[in-house]
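Here are my notes on the two-chain model you sent over. Have the structure open while you read, and take the points in any order.

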Amino acid sequence: MKNLKRLLKNFAFTSGLILTVLLVLAAFAAPLLAPHDPNAQDTAHRLEAPSHDHPLGLDDLGRDVLSRIIFGARVSLEVGFSVVILASLIGVTLGAMSGYFGGAVDVIVMRLCDILLAFPGILLAIALVAVLGPSLVNVVLALSIIGWVGYARLVRGQVLKVREMEFVTAAKALGAKSPRVILRHVLPNVMNPVIVMATLGLAGAILAEASLSFLGLGVQPPTPSWGAMLTSGRRYLGLANHLAIFPGAAIMLAVMGLNFLGDGLIDALDPKYRKELR
Amino acid sequence: MTQYIIRRLLQMIPITLGILTLIFSLIHLIPGDPAMQIAGEGARPEDVRAIRTALGLDQPLWKQYVTYVGNLAKGDLGTSFRTNQSVATEIKLRYPATIQLALGAMFVALLVAFPLGIISAIYRNSWIDNVARFFALLGVSMPSFWFGPLLIIAFAINHPWFPVSGRDEGFKSMVLPSVTMGLALAAILTRMIRVSLAEELNQLYVTTAVAKGVTRAKAIFRHALKNALIPVITILALQFGSLLTGAIITEQIFSWPGLGRLLIQSITTRDYPQVQASILVIALTYIMVNFLSDLLYGVVDPRIKLQ
């Protein structure tokens, strides 16, 4: 409780929390919040500037930009959460095994990490989506394939420390098998930094999805995705600037909010993680 | 030093081989029959066969891999489906444009980060420091694919000082893409210089220098800044690699005819040999730059070599 009070006094954390709550709210209550159907076309008023009826204007097909941004939050969060869950599951499992068992498992997992880290992340995602074909599922797959490495390295490092502790030795002495020791005794003690990494990873995944959609490799039309909205808006720069300005602002606010939240969590859980998460 | 270089070079071998394998496997990840997918819907069977033979997909996998690595060793990166020419020709044309853009971005980043970082380190916790902190935060949060269009609206459409896109107007066409790409790096460097210099300014040798009659400016620029720059140099070198991947998006925003744009164009036209070669060149440049920055680290900070 005291920690929470202290955290709420932290300006960055509080604004991060507010932005994140807004993002989640927009995603969940999209049909209630959106003033119009995000895919309804009003071609007679295409590219119309913001007005009372359409506060953020209309796009090139006459669709309400505000409604599309609100529904776009769903895509962003869907991709973000799926990537974080998938990547952390793979990463935590492999990292825990690598750290706990050592030996050949450790060597293989860590060399795989080295190769993936030597490859610029977004480039690998682009390559994977290019061959798998652009779609929401493939974006999640590609981002998870590059995303698990961070979790694996983090968890491995933590497990190496925890496995030497007395309570682990005690559990083993009492006859607990490896899976039980890992799941019940080791993992709960290494989860805090994983939570922080997942918060920051959510921001990273949202940004990566927007980048891929911007390049035409992400979610396909007519699904509203912020990155794809920006790409089509780019064609009308000078003619209808609101098409590029508002989706971009949405991406920035979402990413900034999650980054602030993650940063605040680092301070709350344990500032020493800051170094390990880098 | 030689030993250090050899050790680092040896470490690069498995990583490079891993990356080659990864790029080689890409074409096999295409769902279904790759040759059929590449040929597109409604293609004639002989076209599909021709693609299969051209890519060597009719050979056993191990043979395909050996041929792939062998050809690369001979400098043969493959033949483009679109132009029927060596993919290397197009890459040679586009590579300088990407490097030029990356250097431009680095220049912009240095131009902004040095004065801002130094001033905010000297006047810690003042309003200038707060402005710099806000700028750094904005810089890392603002996606380039948003910042770029905003710059175009402001400085190419509303005030037509710079071209909207392309590379035809020399220096003028470089300004907006370089600023777009340099912003994030400028933000990171500003924080880095601020933290690093602030730490050095607290060291006793700076106090000693001032006590011995050196002016404060001299103590900062002659003594503290030199030591503060060690981590900055390495970050700068490391970030050059990231600039190369950042170029993929920036080149797309400004229709800059570089390697990144070539990659996206080849993906759209399903020119897989060109896709593979572009990815390979970007990845290898990235590894080389990281390798060189590691060496640089060893040169500027001899303690690193001992580890």
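1. **Burial, chain by chain.** In chain A, 50% of the 278 residues are buried, and in chain B the share is 39% of 307 residues. Buried here is a count: 20 or more other C-beta atoms within 10 Å of the residue's own, with 12 or fewer called exposed, anything in between partly exposed, and the C-beta atoms placed from the backbone.

2. **What you're looking at.** This is a predicted model, in which local features need pLDDT of at least 70, side-chain atom pairs count only at pLDDT 80 or more, and totals for chains, interfaces and linings use all residues. Residues are numbered from 1 along each chain as its sequence is written, while chains are lettered from A and ligands numbered from 1 in the order in which they are written.

3. The predictor gives the complex an ipTM of 0.83 and a pTM of 0.86. Chain B averages a pLDDT of 85, and 98% of its residues score at least 70; pLDDT is the predictor's confidence in each residue, from 0 to 100.

4. **Overall build.** Chain A has 13 helices and 0 strands, and chain B has 13 helices and 0 strands too. Both kinds of element are DSSP runs numbered from the N terminus, with helices being H or I over at least four residues and strands being E over at least two. The C-alpha atoms of chain A fill a box of roughly 75 × 50 × 30 Å along the principal axes; for chain B the box is roughly 85 × 55 × 30 Å.

5. **Contacts along the sequence.** Take the contacts in chain A between residues at least 6 apart in sequence: 71% join residues at least 24 apart. For chain B the figure is 70%. A contact means that the two C-beta atoms, placed from the backbone, lie within 7 Å.

6. **Where the chains meet.** Here 31 residues of chain A are in contact with 32 residues of chain B. On the chain A side, the elements giving two or more residues are α5 (103-118), α6 (121-132), α10 (191-214), α11 (226-234) and α12 (242-269). That side divides into 22 nonpolar, 6 polar and 3 charged residues. Nonpolar covers Ala, Val, Leu, Ile, Met, Phe, Trp, Tyr, Cys and Pro; charged covers Asp, Glu, Lys and Arg; the others, Gly among them, are polar.

7. How do the axes of α6(A) and α12 (residues 272-300) of chain B cross? They come within 11 Å and cross at roughly 170°, so the two helices are roughly antiparallel. The contact uses A:Leu123, A:Ala127 and A:Ala130 from α6(A), and B:Val275, B:Ile279, B:Ile282 and B:Ala283 from α12(B). By type, that is 7 nonpolar, no polar and no charged. The axes are lines fitted to C-alpha atoms, for helices over the stretch in contact, with angles from 0 to 180 degrees between N-to-C directions; under 35 degrees is roughly parallel, over 145 roughly antiparallel, 65 to 115 roughly perpendicular, and the rest oblique.

8. B:Gln239 is in helix α10 (residues 216-253) of chain B. Is B:Gln239 buried or exposed? B:Gln239 is buried, because 22 other C-beta atoms lie within 10 Å. Leaving out residues up to four places away in sequence, B:Gln239 touches B:Leu185 and B:Ile188.
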